[in-house]
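Please look over the sequence and the model shown below.

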Amino acid sequence: MILYMSLIESEQDRSKFETIYMDYRGLMFYIARDILGNDSDAEDAVQEAFLKIIKNIDRIDLSECHKTKLYIVIIVRRTAIDIYRRKRKSDNNVPFDENYIDEGCEDVSAGEQIENTLDKLDLVNAMAGLPDRYRDVILLKYYNAFSDAEIAKTLETTESNVRKLLERAKKRLVREYEKGGTVQ
Amino acid sequence: MTITEEMLYENAEKAAILYLDKTDAEYQSENEHVFSGRFERNMRKMIKDQKRSPGQRRFISIMQKAAIVLLIALAGAFATTMSVKAYREEFINFIKRTTHRATNIEYRIGDVEYCEVDLNKTAFGYLPQGFEITEQKIGDEEAFYTIRNSDGGTLYIDLYVVTDTTVGVLSINTENTEVSYPTINGEKALLSIETEGLILVCSQRNVICKICGIVSEQDAVRIAENISLCFEKEQ
């Protein structure tokens, strides 16, 4: 029975992979090309992203289309950024603002700020408008309901890094919320 | 009003959809990209690989981590140094050494009710439903069986005879696997389970049996328990 179930699961996984490929490859390509600037590198990024998706295919539930899409968008964007970094490594360029862990510390802990009274702005816009690195962890945690370990695996970082990112994302969220966050 | 964890959970879905809609809108005006032949070929290969029999695909992974069994000729007249009494008092020694990545087992006849065995007469009293032997290669001191079902599920069963002049050395990569030592037919065995399948190593008298594949623990143990070996004569 276990063997049978194992095969069924795999059948589903196989179908899932093809569905993702057909439905999302275009979007994945455009996201990657935006970051990498050319078609060839973008295709490499899409292919690399699919390899990561295969490894994590069990995390994807096609019935949750927005969660699936968000997960795929994050995977391909991160993959494209990694490729960009590898290509620019020799130039010592730091692309984008992905130096997230080295960002300056803020005095008040996110925990304290999160308790501040804030009632005037739109939290949805503030969350959607966060910088990529913060929005990724916030949405993976609070929408996709990933554990810190799962987020770390998805973003190819450490759990400790994820916790720091979440802390800083919340601080940023409070700031944006106060200002009246909008989608950038 | 404060931003609580509950608020983050409540608003996350809308935020995700807003972000995804914005992302879609950015690329809506793009012409449909025609992927290069290289990309299409690579992706076809990837999809084809995904379509390959899951059992075989997973099994490749298992085999990469699987056991290596070596029958090494012992230097010197090992057997002649043993007394007849010793032969009858002990059985195959199960010597386990564990490192952080591997579990090594040494099967050595220190003794034994050493028996000749005719591997050609081996019978499998139990195979999971739908499975049958599709290939077999049987020699004097080792036998290899490939057992398949119609859904592409594959099991491999290897038998190795440890003689009075050989020692069976087995090394299993047990990193990130769940290892246990069940008793099968009165002998200590090793069971290594990972997400992709399992490896069971057990012994009957002086024959080591290795079962490897995608099968439940219960089925693997039942297969092992029901392997009937034809021991011919005791020394």
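Which backbone oxygen does the side chain of Asn144(A) reach?

## Basis of the report

This is a predicted model, in which local features need pLDDT of at least 70 and side-chain atom pairs count only at pLDDT 80 or more, while totals for chains, interfaces and linings use all residues. Residues are numbered from 1 along each chain as its sequence is written, chains are lettered from A and ligands numbered from 1 in the order in which they are written, and side-chain values use heavy atoms, with hydrogens and water left out.

## A loop asparagine in chain A

The side chain of Asn144(A) reaches the backbone oxygen of Lys67(A) at 3.3 Å, a polar contact (a pair of N or O atoms within 3.5 Å; within protein, one must be able to donate a hydrogen and the other to accept it, and residues adjacent in sequence count only if both atoms are side-chain atoms). Asn144(A) belongs to the loop between helix H6 (132-142) and helix H7 (148-155) of chain A, where helices (H or I, at least four residues) and strands (E, at least two) are DSSP runs, numbered from the N terminus.

With a relative accessibility of 10%, Asn144(A) counts as buried, which means under 20% relative accessible area, whereas exposed means over 50% and partly exposed in between (1.4 Å probe, protein chains only). Leaving aside residues up to four places away in sequence, Asn144(A) touches Lys67(A), Leu70(A), Tyr71(A) and Leu139(A), a contact being heavy atoms within 4.5 Å.

## Aromatic rings

Rings of Phe, Tyr and Trp (its six-membered ring) pair if their centres lie within 6.5 Å, with planes under 30 degrees apart counted as stacked, over 60 as edge-to-face and the rest as tilted. By this rule there are 10 aromatic pairs over all chains. One of them joins Phe29(A) and Tyr30(A) edge-to-face, at 5.5 Å centre to centre and 70 degrees between the planes; Phe29(A) is buried at 0% relative accessible area, and Tyr30(A) is buried at 8%.

In chain B, the ring centres of Phe144(B) and Tyr160(B) are 5.9 Å apart and their planes stand at 80 degrees, so this pair is also edge-to-face. The pair links distant parts of the chain, 16 residues apart, with Phe144(B) in strand E7 (residues 142-148) and Tyr160(B) in strand E8 (residues 154-161). Phe144(B) is partly exposed at 28% relative accessibility, whereas Tyr160(B) is buried at 7%.

## Chain B as a whole

Chain B contains 6 helices and 17 strands, and buried residues make up 47% of its 235 residues.
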